[in-house]
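Trainee: Could we go through this model together? I'd like to start with the charged side chains.

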Amino acid sequence: MEISNAALRLLPSVDSVLDSVTAATLVERFGRAASTEAIRSVLTEARVALKSGSSVVPTVEQVATLALARLADEDRSGLRPLFNLTGTVLHTNLGRAVLAESAIEAAVEAMREPVALEFDLAAGKRGERDDHVRELLCALTGAEDATVVNNNAAAVLLALNTLAGGREAIVSRGELIEIGGAFRMPDIMARAGVMLVEVGTTNRTHMKDYTAALTEATGVILKVHTSNYRILGFTSEVGGAELARIAREANVALMNDLGSGTLVDLSRYGLQKEPTVREAVAQGPDVVTFSGDKLLGGPQAGFIVGKRALIEAINRNPMKRALRVDKIRLAAIEATLKLYRDPDRLAERLPTLRLLARTHSEIEDQARRLLPDVRRAVGRAFTVDVCECESQIGSGALPLDTISSAGLAVASNAGGGALEHLAAALRGLSRPVIGRLDDGALILDLRCLTDEAAFLSALNELDRSAPAQSGNGQRSR
């Protein structure tokens with residue numbers, strides 16, 4: 001007890017720490033109030049340790065350094081950049097699409113200065129924020145009119161509420177989708193105030209099923225693109241053109257939700273073809289909805305394109321104001337859409353397409369270049385080899401289709417949870433590295449690695465990065 005009391009008396013005071021050289025940096029960066037509180041916390045912990053038998057008395061500079069480290073850690077954003085080596089290009093949990101440089105520049109400019117968001121410069125009076133993207137969307141899709149909200153779930157909700165609020169919506173049982181985050185089409189329809197009328201069966205729906213369900217209470221026929229699953233085998237569905245004819249004859253609206261919509265034919269980049277928005281519009285629906293942050297490669301957004309009268313009605317819906325996008329996102333959306341006017345250079349300028357279009361040989365060469373450095377970084381407790389990978393698009397797009405890729409497989413020589421600890425250590429780096437644990441190895445799929453120098457710099461921290469709580473790197477669709 002005497003030793004403990006003597007040691008306690010040796011602890012520096014808060015004021016003496018605040019007068020130290022390191023504390024000057026601390027106060028300059030975080031302010032005097034936060035710095036003082038951090039120093040008190042460090043001293044409290046030191047006091048508890050001494051009372052528990054420790055003989056280590058921190059110096060003034062050590063206390064200040066610990067306080068600086070604590071505040072720096074608290075100040076570090078949880079949204080800091082990381083390396084997505086999961087093999088999922090549009091990883092929902094990692095923010096989906098990486099924006100094009102032109103979109104980033106447009107967003108920064110909109111943040112820095114006032115912009116004509118809802119101001120008509122030519123007329124000198126109030127304008128509409130949708131005008132910044134309306135003509136672009138119409139030109140790229142062939143639709144009469146267009147509007148934008150904050151994501152595709154909002155687009156579906158708003159369109160359904162406008163077209164059929166208080167009435168019935170007919171949809172095939174095979175199209176009652178559920179996507180990530182417990183988004184279920186029946187639940188969205190209920191929130192939109194429409195009554196679900198299911199037709200057909202899970203695997204087969206025919207024209208007669210739709211026509212038999214039509215009543216005076218029908219407000220809309222809804223077609224949903226099953227972008228995140230496929231029904232195979234003995235199947236049948238009614239195409240968009242046939243549904244458009246049924247809807248016209250019954251004088252009800254047809255809405256087509258494409259989910260992860262695309263503005264270009266993906267087959268030109270070696271990917272499986274998905275229906276484009278222009279193709280969907282050409283089939284004659286009244287409204288088409290699709291996402292902006294998936295295959296389109298832009299910021300989070302939901303687009304609604306279609307017949308002018310219905311788009312105008314959607315824009316008059318009071319819910320539209322609650323779901324609109326701000327100037328920053330709108331600027332990035334406009335810049336992204338402009339890239340599609342030059343399809344020959346789209347893959348060069350749009351990161352999503354550039355990553356999806358990378359060849360297996362290019363990625364394999366990269367893996368062989370990085371192999372020696374990764375081996376040195378993880379140490380002799382692990383073996384590292386070049387491996388074949390199958391990347392996926394992610395975010396519900398083309399779920400059955402993978403893209404041949406390459407990467408590095410890290411295996412443990414010791415076992416006992418070593419791989420989980422390594423995965424945790426990689427996540428704990430100042431710029432985290434996120435891979436996936438698969439079949440006894442930590443797989444680092446290199447399809448999305450564009451900055452090798454930064455990656456190797458991050459790995460240099462491994463030897464001083466303490467393992468965090470165990471866990472798996474996982475894919476998300």
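Trainee: How many salt bridges does the structure hold?
Mentor: The structure holds 25 salt bridges, a salt bridge being a side-chain nitrogen of Lys or Arg within 4 Å of a carboxyl oxygen of Asp or Glu. Keep in mind that this is a predicted model, where local features need pLDDT of at least 70, side-chain atom pairs count only at pLDDT 80 or more, and totals for chains, interfaces and linings use all residues. Residues are numbered from 1 along each chain as its sequence is written, and side-chain values use heavy atoms, with hydrogens and water left out.

Trainee: Which residue does lysine 223 pair with?
Mentor: Lysine 223 forms a salt bridge with glutamate 237, and their closest N and O atoms are 2.9 Å apart. Lysine 223 lies in strand 9 and glutamate 237 in the loop between strand 9 and helix 11, so the pair ties together parts that are 14 residues apart in sequence; strands (E, at least two residues) and helices (H or I, at least four) are DSSP runs, numbered from the N terminus.

Trainee: Is lysine 223 buried or exposed?
Mentor: Lysine 223 counts as buried at 10% relative accessibility, whereas glutamate 237 is exposed at 59%; buried means under 20% relative accessible area, exposed over 50% and partly exposed in between, with a 1.4 Å probe and protein chains only.

Trainee: Changing topic, what is the mean pLDDT of the chain?
Mentor: The mean pLDDT, the predictor's confidence in each residue from 0 to 100, is 90 for the protein chain. Over residues 464–477, however, the pLDDT is below 50. Where pLDDT is low, the predicted coordinates should not be read in detail.

Methods
Contact = heavy atoms within 4.5 Å.
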